[in-house]
Amino acid sequence: MAQISGNGVVFQIGKETTFGSAANATDRIRISSESFRPTYNKVSEGLATGGKGAGKVQTMGIQAGGSFSTLMRPDMGLLLELLCGVKTGNAYTPIGTELTDSLPSFTAYVDRKAAKCSYPGSKINQITFSASAGEYLNISVDCSARLETTGATIDSLTPSEEKAFRFASGKVKIGGSVIADVTSMELTYNNNLATDTQTTGTGDYYMEPECGVREITGTMEMVYAAGAETLRSTLYKTDDTFSIEYVFESDDSTLTFSIPAAQMNDASANMNSPSEMLRQSMSWNAVDNGTDEVITITLE
């Protein structure tokens with residue numbers, strides 16, 4: 001029997017109009033990995049069988065989900081819209097908290113050759129953006145989904161030919177000033193979706209997931225020098241808030257993550273080896289200042 005190469009897997013997405021109603025795929029994304037699968041909550045009665053073995057189980061709930069990894073490109077605005085919920089021109093901001101505010105859903109399609117599967121009712125729970133020296137801007141996307149269906153139609157779509165954003169074109173700004181000699185950076189946007197609510201009205205499935213507290217966190221590593229020590233002393237050793245931006249450029253496109261208020265969680269610059277240069281690692285989290293959006297992502 002022939003084996004199936006991972007290089008032959010096709011991954012596509014399409015934004016839904018109604019949660020759980022499959023949408024046609026509009027974007028084909030080249031991926032490095034994916035883990036979409038159904039989850040069946042199989043529960044045993046937990047009663048004595050009168051025999052030697054355990055009793056049968058029964059499915060009490062069905063849902064799906066998974067993750068995929070790829071590179072961030074200038075024409076991936078749909079992912080940012082699905083992550084944040086609100087698109088205004090070239091800017092993406094978090095969906096609100098009113099009853100009418102709901103994170104948009106999408107249908108994911110995965111052609112694994114032996115099976116063509118779709119995952120309607122998908123929502124993005126979290127994306128981690130990460131880049132370090134000599135690498136592209138990588139993204140890892142964690143999703144929930146309503147269910148898995150097989151026998152899906154895979155449309156003939158062409159994947160993006162846009163050049164991916166690179167670490168070499170990135171920079172970090174704190175308080176509007178560029179931070180020198182950053183060697184790696186990471187930002188995680190977590191929607192904290194409530195995915196486990198099952199009621200008498202949902203049957204075997206679960207209610208549409210909605211956002212909880214939006215957690216925006218980040219890390220960065222830099223060459224340890226006087227400027228890095230100043231950041232450690234003034235930001236980590238106090239509870240002061242500061243603005244921070246991650247900026248990436250690719251040809252004529254710019255991707256900017258703007259956080260108006262953040263606090264430093266950790267900062268360390270310890271010696272690990274006599275043969276290594278000192279590095280300072282820092283971590284931060286966005287906070288709500290009651291005035292500005294907690295984060296604005298601009299892609300232009």
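Predicted model: local features only at pLDDT ≥ 70, side-chain atom pairs only at ≥ 80, totals over all residues.
Close-up 1. The cut-off for buried is under 20% relative accessible area. F11 is buried too, with a relative accessible area of 1%. The structure holds five aromatic pairs. One of them joins F11 and F36. Their rings sit 5.9 Å apart, centre to centre. F11 lies in strand β1 (residues 10-15), while F36 lies in the loop between β3 (33-34) and β4 (37-44). The pair therefore ties together parts that are 25 residues apart in sequence. F11 and F36 also belong to one aromatic cluster with F68 and Y119.

**Close-up 2. The ring pair of Y246 and W284.** The ring centres of Y246 and W284 are 5.9 Å apart. Their planes stand at 85 degrees, so the pair is edge-to-face. Y246 comes from strand β16 (residues 242-250) and W284 from strand β18 (residues 279-286). The pair links distant parts of the chain, 38 residues apart. Both Y246 and W284 are buried.

**Close-up 3. R146 over the ring of Y205.** R146 lies over the face of Y205. The distance to the ring centre is 4.4 Å.

Close-up 4. N125 lies in strand β9 (residues 116-132). Why does N125 count as buried? Its relative accessible area is 17%, and buried means under 20%. The side chain of N125 reaches the backbone nitrogen of N192 at 3.4 Å. Leaving aside neighbours within four places in sequence, the contacts of N125 include D142, C143, Y189 and L193.

Technical notes:
Residues numbered from 1 in each chain as written. Heavy atoms only, no water. Helix = DSSP H or I, 4+ residues; strand = E, 2+ residues; numbered from the N terminus. Buried < 20%, exposed > 50% of the residue type's maximum accessible area, 1.4 Å probe, protein only. Polar contact = N/O pair within 3.5 Å; in protein donor to acceptor, adjacent residues only side chain to side chain. Contact = heavy atoms within 4.5 Å. Phe/Tyr/Trp six-rings, centres within 6.5 Å; stacked < 30°, edge-to-face > 60°. Lys NZ or Arg CZ within 6 Å of the ring centre and 35° of its normal.
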